[in-house]
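Hi,

Here is the structure I said I would pass on. Please open it next to this email and follow along.

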Amino acid sequence: MENITQIPVPSLFNPYDPNAASTETPAEAKNGHPSVFYALLFQNVSNAKELKAKVIAGDPELPQCVMVNPALVLSSFQLQTACSRAYMNQAQNNMKTKTILSEILFSLSPSLNIAESMKLFGLSDNSNSIFVLVPSADDASVDETTINKLKNLVQGDLSPAHSFSDLTDLKLLKKVYKLNDAVDQSNTVLEDLIVGGIATKGFL
Amino acid sequence: MTLLSQGAEARVFKTSFGLKEVCIVKERFRKTYRHPVLDEKLSKRRTILEARCLVRAKKCGIDAPAVYLVDPVKSLIYMEFVEGETMKAFFNRELNDHAKRNEISTKIGTSLAKLHNADVVHGDLTTSNMMLRAGTESVVFIDFGLSFVSNLTEDKAVDLYVLERALASTHPQSHVLLDAILASYFKDVKDSKQVLKKLEDVRLRGRKRDQTG
């Protein structure tokens, strides 16, 4: 599957507690979430409006996935952080949105406004490229049926997804993450700041 | 997962984090000597404050570890593993290379001025809490555990005073290092005159302010 970028979702750190009753060591602790997300990039998409309606309606035809606007994605690590944050919120019963998939989208956004976050980071009626994040099956393998379903649903070309920054709208990205006043504007620092923003969002 | 170091406040582990092969996890562990409710509150608040200061420091253009994830419930911060040596190790190794020591000290002063200009007070400036990044040789400030945001010249002056004392107690010929650091610091810092004046006050009276009267 050369067209698919993998986004690992690492299991969260479990400090060793000498006072805990359980003898389970941290390594044995179960993830409780998919270990990998597959990022598929569709370009020249012609039916974004239809797809958006399906996502909003929770159409059963649509497989479990998150559709992200690639203009606001700088790197795969940014997506990983958002996924980690979302699953952490889920594990701690701290979710701000109704499902884990919408929580991932919401986590990506620096805004605390859910509707605004969905509008910016999700599909819009005239999107012509889309990142689709698909959670792995239990054994971390690619879920072929899901991907085939998506290929049928999305009218567009599946492209190699390794070129994250090619589709990034840096100007918009900086505006959304409020990075215009950052002193160092190199891509690595921007990534660090975006990830830091995702990590600290909502904590005062 | 390996334990890198442990202090009175937290433990630092090295582990991996998905796409990042190495990652640091700083855990504020439970203090059994404190009331559980208070303990939880303090740990949570300090964890969040530290993470926010780290991000703020990064934003003002100084080099600091990137924050990957914050877990306020378990009091964890996942952050970048910085490859390199501590400033303490560097200064002790390069005892005789004065030009090099001077160059790095100047860098410390410039970075510290940037940090203070963004109103971030580090709170625990020592040569063990600074690193020299391998490759780029940039000065990395670490351990923002005692940091806070303040625009008072008093806080900034105390920050410098802490550094001064730390240098004096860890490095021979510390005044040479200090002079280079302060020279570049006062060149770049806002309100340099007021900070310098405050620093002189602090030197006379020590870190704590007189509470009498």
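Below is what came out of it, topic by topic.

This is a predicted model, in which local features need pLDDT of at least 70, side-chain atom pairs count only at pLDDT 80 or more, and totals for chains, interfaces and linings use all residues. Residues are numbered from 1 along each chain as its sequence is written, chains are lettered from A and ligands numbered from 1 in the order in which they are written, and side-chain values use heavy atoms, with hydrogens and water left out.

Chain A

Chain A has 7 helices and 5 strands. (Both are DSSP runs numbered from the N terminus: helices are H or I with at least four residues, strands are E with at least two.) Along the sequence the order is β-β-α-β-α-α-α-β-α-β-α-α. Of the 204 residues in chain A, 49% are buried. Buried means under 20% relative accessible area, exposed over 50%, and partly exposed in between, with a 1.4 Å probe and protein chains only. Contacts are heavy atoms within 4.5 Å. Among contacts in chain A with a separation of 6 or more, 79% join residues 24 or more positions apart.

The interface

Chain A puts 32 residues into the contact and chain B puts in 30. Together they bury about 2700 Å², 70% of it on carbon and sulfur atoms. B:Leu19, B:Lys59 and B:Leu69 supply 23% of the area that chain B buries against chain A, more than any other three residues. (Buried area is the accessible area, 1.4 Å probe, that two parts lose on being put together, summed over both.)

Leaving out residues up to four places away in sequence, A:Thr81 touches A:Val195, A:Ile198, B:Tyr68 and B:Leu69.

Cysteines

How many disulfides are there over all chains? The count is 0, with a disulfide taken as a pair of cysteine sulfur atoms within 2.5 Å. A:Cys83 has its closest cysteine sulfur in A:Cys65, 12 Å away, which is too far for a bond. B:Cys23 is in no disulfide either; the nearest cysteine sulfur, that of A:Cys83, is 16 Å away. A:Cys83 is buried at 0% relative accessibility. B:Cys23 is buried, also with a relative accessible area of 0%.

Pocket and cavity

Both come from a 1 Å grid over the protein atoms alone: a cavity is a set of points where a 1.4 Å probe fits but cannot get out, a pocket is an open set with protein on both sides within 12 Å along at least five of seven lines, and lining residues have an atom within 4 Å of a point. Points are joined across faces, edges and corners, and a volume is the space filled by probe spheres set on them.

The largest pocket has a volume of about 800 Å³. Its lining has 31 residues, with B:Val12, B:Lys26, B:Glu50, B:Asp143 and B:Phe144 nearest the centre. Helix 1 of chain B gives the most to this lining, 5 residues. By class, the lining of the largest pocket has 15 nonpolar, 7 polar and 9 charged residues. (Nonpolar is Ala, Val, Leu, Ile, Met, Phe, Trp, Tyr, Cys and Pro; charged is Asp, Glu, Lys and Arg; the others, Gly among them, are polar.)

The whole structure has 1 cavity of 30 Å³ or more. The largest cavity holds about 40 Å³ of space. Residues lining it include A:Asp192, A:Leu193, B:Leu54 and B:Lys58.

Best wishes
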